[in-house]
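I opened a new notebook page for this model.

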Amino acid sequence: MSFMDDDRPQKKTAHEIGSDLSMLSVDELKARVELLKTEIARLEAEAARKASGRIAAEGLFRS
């Protein structure tokens, strides 16, 4: 390991909303789209899980 390794900027793997996209390659843009699609699916699954738990709880208290 050389001293130069520590000076290299770390490549971001996450996407920051509103960030400048002009310096990204097509492959990098596609990778970010896939990353965001995966995150959207994760968010939707969690929202559905919480909604079903809420519906179950409301049903329990209405009985």
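My entries follow, from the overall picture to single residues.

**Entry 1: ground rules.** I am working with a predicted model, in which local features need pLDDT of at least 70, side-chain atom pairs count only at pLDDT 80 or more, and totals for chains, interfaces and linings use all residues. Residues are numbered from 1 along each chain as its sequence is written, and side-chain values use heavy atoms, with hydrogens and water left out.

**Entry 2: the whole protein.** Next I checked burial. Of the 63 residues, 2% are buried. Buried means under 20% relative accessible area, exposed means over 50%, and partly exposed lies in between (1.4 Å probe, protein chains only). The accessible surface is about 6,100 Å², and carbon and sulfur atoms hold 61% of that. The areas come from the Shrake-Rupley method with a 1.4 Å probe; for residues, only the protein chains shown count as cover.

**Entry 3: His15.** I found His15 in the segment before helix 1, which spans 26-62. What does His15 touch, leaving out residues up to four places away in sequence? I noted Leu21, Arg32, Leu35 and Leu36. Contact here means heavy atoms within 4.5 Å. With Arg32, the contact is also polar, side chain to side chain, at 3.0 Å. A polar contact is a pair of N or O atoms within 3.5 Å; within protein, one must be able to donate a hydrogen and the other to accept it, and residues adjacent in sequence count only if both atoms are side-chain atoms. I also checked His15 against Leu29: they are 14 residues apart in sequence, and their C-alpha atoms are 9.7 Å apart. His15 is partly exposed, at 21% relative accessible area.

**Entry 4: salt bridges.** How many salt bridges does a search of the whole structure find? I counted three. The term means a side-chain nitrogen of Lys or Arg within 4 Å of a carboxyl oxygen of Asp or Glu.

- Glu34 pairs with Lys37 at 3.8 Å, N to O. They are about one helical turn apart, because three residues separate their positions in helix 1. Glu34 is partly exposed at 45%.
- Arg42 pairs with Glu39 at 2.7 Å, N to O. Arg42 is exposed at 53%, while Glu39 is partly exposed at 31%.
- Glu46 pairs with Arg49, with the closest N and O atoms 2.5 Å apart. Glu46 is partly exposed at 32%.

How values were computed. Helices (H or I, at least four residues) and strands (E, at least two) are DSSP runs, numbered from the N terminus.
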